[in-house]
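I opened my notebook to look up a few features one by one. Here is what I was looking at.

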Amino acid sequence: MASAEEVHQWTVKMSVPSVLAMVTVFALIPGGVLSDTRGTQGLDAQQLAPGSTHLHRRLKRGWIWKQLFVPEEDPTLRVIGQLKSDSDRGEFSIKYILSGDGAGDVFEIDEYSGEIRTLKKLDREEKAFYVLQAQAINRWTNQPEEPQSEFIIKVQDINDNVPKFQNEPYVSSIPEMCPTGTTVAQVTATDADDPMFGNSAKLIYSILQGEPYFSVEPKTGIIVTSWPNMDREAREQYLVVVQVKDMLGLSGGYSSSTTVTVSLTDVNDNGPTFQHHQYTFAIPENSNVGTTVGRIMAQDGDVGINAKMTYSLEDDLEESSSFIIETDPVTQEGVILLSKPLDYETKRRFVMAAEAVNDHMDTRFLTFEEFKDRTTLKIVVEDVDEPPVFLSALYEWKIPENAAVGTVVGTVSARDTDTVNNPIRYSIDKRSDATKAFKIDPNNGTITVTIALDRESSNWHNVTVEAKETTQNHLSSSVVVFIKVLDINDNVPRLARDYQPYICEGTQAGELIQLLNAVDPDEPVEGHHFYFSMVPEKHINPNFTIRDNQDNTAGIVARRSTFTRKDRTQYLLPVVVTDSGSPALSSTSTLTVSVCSCQPHGHCPTGGVEALALSMGVSLQTLLGLLICLVTVTVLPVLMLILRRHRRKKQQEGLEAEAQDLELPDTVSQKVLYYGEPGRGKVDFCQPVVPLRRHPRRREKRLRREDVRRSIRMSLRESHLIGPEDDVFKQFILDRLVEADQDANVPPFDCLRTYVYEGSGSSTGSLSSLESISMELGPEQPVSNPRPFLVRLTPWYGGGEEDTVF
């Protein structure tokens, strides 16, 4: 016999229904297989022979099992079973422990008696069975009396769920005239109750509404037709109500219902039928071709593709070709159209037959002859006084643009189609000839030119000519005359645009400078062909040449490689353009070729400072030099004015400087300063005792403006990137500083008060005492420091009133 472990493994592999069935059987057999849970754990290893699957000794099962199922939805909390070990003598020495699904929450066990109780109402649809584990432990030794065993508690089903239909709503369609028993649809309901237990989930279908046309199979829910030859034209839609009951339809069960919408689809079981045997229409004789004469309609009870039909006119009847009939795709009407012009004087009445035939025929219901019908058409032509008719629907003429005034362009002609044949007069509609370029002879319709024509202004003239009867009705008609003005060579060619060519200073001989195109308002038949050349002179142009590309373009090519802005900034180059007309016409345009200091990629700036300089005819270096001089001359007087005001303010406040503690560097000459005694009044900190520099007349030593400009140009000529970081620009500034340092006649003079303005670049170094001590104190501030303070040094001493010019 197999061990408990093997039984357990086999039980796990089984499906849930099989396990539930076995549990039910085992629960009815006291001391069954499940009660033997000790298995082979108590066997000695030697009791199993190697390779043998049979036990030498069978152990007695120690567990006693009772009821292991509970009905669902039972509100009573009661004992559903008991676990008991055969070692239990009633002394409460054994403790029972329950674990697994729902232990402590759904089920509990009495640890002394082993009784299992429910703790709440159960729902089989929520959980059908519970798998739990039980243990029996000796209270005194805490050793297991029985090995842990697994068992199942099954929840028994009751009929507590209503059957529900799936995939609602139900919509179906069947063809009309279908035979009895045709499947319409299948309705499906489900019941959440247990289908394996009792009749709670066993369903029965029935029809509540829809008989006698439909019926339903009780077990499958398949709805079928039960009435033969249902006609869509009589009734198109049916509502079928189906009911489902559980408990096999017995009393006490639940039920629900659903609605099935059944539509009958159309089949071609009806043919077209005309409501009248004859249709009569009238049409004026002046009706245009394509005019609708009338509509006829054949009735067809079908819809959609089964109602489509085609109308036709009988070909064997006389003059039927004067009319055609077409089918309106929307209304399925026969539309009769005029296919030829009518003439009352020639024929006044037409009689013909019309036929309607279904496009799709179904011989299961009708014969071929039943899918068609015929009727008679009678069309009467009405007499109308008609306007004149031109012999041509339109006129198209050509005339050269140099045609003389009075030249005949062409002649139009119209006639009265009525039997009276009234006389006709011609005229031109003024709205179509606003320039009054043409006139027409009112009697014979001859059109002539009245003004000189210009194809370039208007190459087509669309003139409307009117022909009017001289009778009382004054009937008229009109025709359009298209007059094309032919081109002659009467315009000179010219360059396509205003070219502004330039040449870079580094351009080599033979390089292309500018590509030229030409335009001509004329349009010769063979197309344009332009010739480019230079103005003939005694000497060949040493700078440029024109190279004709023979494709209506030409290029300006450099003849030498020595172009510089220093020599010349602009060159004038005449260009002659000649067309291929007969006679040939030509024009001369003078182009200005500028010499440019191009950027690295050969680009000549078209905006900014450099472009402005080029447009003014000066170099960029010269322009920048002038700008720097202008800024210097503007800012310097303002600075000097601010410094003089600052000095006057300090003198008016009466600040006295005490310089006893002033420590000067060894490098400062004692001859520069004169120190006054404290308290003796105002002290001049910068009275030169020994004249350090001569003061000749300054204007004699100043640089002339032209010299400065020349210097700026020379310094910046080789640079294309002008700015504070440019090497040429830096060198220019250094040169100006050297010139200023070597000039002994311009400020600042050697004076202590100038040191504060020299900054870190001063050759004397920094006067730390001047930088660290407060330089200004208000007159009302008390002097807390007994040491003398220094007064801020004033601007340039002895500067005078005249301005310095660079």
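**Entry 1: Charged pairs**

I looked up Asp-101 and found it partly exposed, with a relative accessible area of 33%. I noted the cut-offs: buried is under 20% relative accessible area, exposed is over 50%, and partly exposed lies in between (1.4 Å probe, protein chains only).

I also noted what I was reading: a predicted model, where local features need pLDDT of at least 70, side-chain atom pairs count only at pLDDT 80 or more, and totals for chains, interfaces and linings use all residues. Residues are numbered from 1 along each chain as its sequence is written, and side-chain values use heavy atoms, with hydrogens and water left out.

What does Asp-101 meet in a salt bridge? Its partner is Lys-127, at 3.9 Å from N to O. A salt bridge here is a side-chain nitrogen of Lys or Arg within 4 Å of a carboxyl oxygen of Asp or Glu. Lys-127 sits in the loop between β6 (115-118) and β7 (129-138), while Asp-101 sits in the loop between β4 (94-100) and β5 (107-109). The two are 26 residues apart, so I marked them as a link between distant parts of the chain. My labels for helices (H or I, at least four residues) and strands (E, at least two) are DSSP runs, numbered from the N terminus. Lys-127 is partly exposed too, at 33% relative accessibility.

I searched the whole structure and got 15 salt bridges. One of them joins Asp-110 and Arg-117 at 3.7 Å, N to O. Arg-117 is partly exposed at 26%.

I then checked Arg-455 and Glu-523, another salt bridge at 3.7 Å, N to O. Arg-455 is in the loop between β33 (446-449) and β34 (460-469), and Glu-523 is in the loop between β38 (512-519) and β39 (531-534), so this pair ties together parts 68 residues apart in sequence. Arg-455 is buried at 8%, whereas Glu-523 is exposed at 54%. Shared partners join Arg-455, Glu-456, Asp-487 and Glu-523 into one network.

**Entry 2: A sheet and a disulfide**

I traced an open sheet of four strands, in the order β37-β43-β42-β39, with mixed pairing. Two strands pair if DSSP finds at least two bridges between them. β37 (502-504) and β39 stand at the edges with a single partner strand each, so one side of each has no neighbour in the sheet. The twist averages 35° from one strand to the next. Such angles run from 0 to 180 degrees between N-to-C directions, and the axes are lines fitted to C-alpha atoms, for helices over the stretch in contact.

β42 (residues 570-578) and β43 (residues 586-596) pair in the antiparallel sense over nine bridges. Gln-570 stands opposite Ser-594 in β43. The loop between β42 and β43 holds Pro-583. A cis peptide bond joins Ser-582 to Pro-583, with omega about 0°.

How many disulfides did the whole-structure search find? It found one. Cys-504 and Cys-598 form it, with sulfur atoms 1.9 Å apart; the cut-off is a pair of cysteine sulfur atoms within 2.5 Å. The link is left-handed, with -90° about the S-S bond. Cys-504 lies in β37 and Cys-598 in the loop between β43 and α3 (608-616), so the pair ties together parts 94 residues apart in sequence. Both cysteines, Cys-504 and Cys-598, are buried.

**Entry 3: Nonpolar cores**

A nonpolar core is a set of buried Ala, Val, Leu, Ile, Met, Phe, Trp, Tyr and Cys residues joined through side-chain atoms within 4.5 Å. The largest one has 24 residues, and Val-412, Tyr-426, Phe-438 and Val-465 have the most contacts inside it. β35 (476-486) is one of the elements that give two or more residues to this core. β35 gives the largest share, four residues.

I listed the contacts of Phe-438 (heavy atoms within 4.5 Å), leaving aside neighbours within four places in sequence; among them are Val-409, Ile-428, Leu-453 and Ile-483. A second, separate core of 23 residues includes Val-293, Leu-342, Met-352 and Ile-379.

**Entry 4: Backbone notes**

I looked up Met-177, where phi is near 65°, a positive value in a residue other than glycine. Met-177 lies in the loop between β10 and β11 (183-186) and is partly exposed at 27%. Met-247 also has a positive phi, about 55°. Its loop runs between β16 (237-245) and β17 (255-265).
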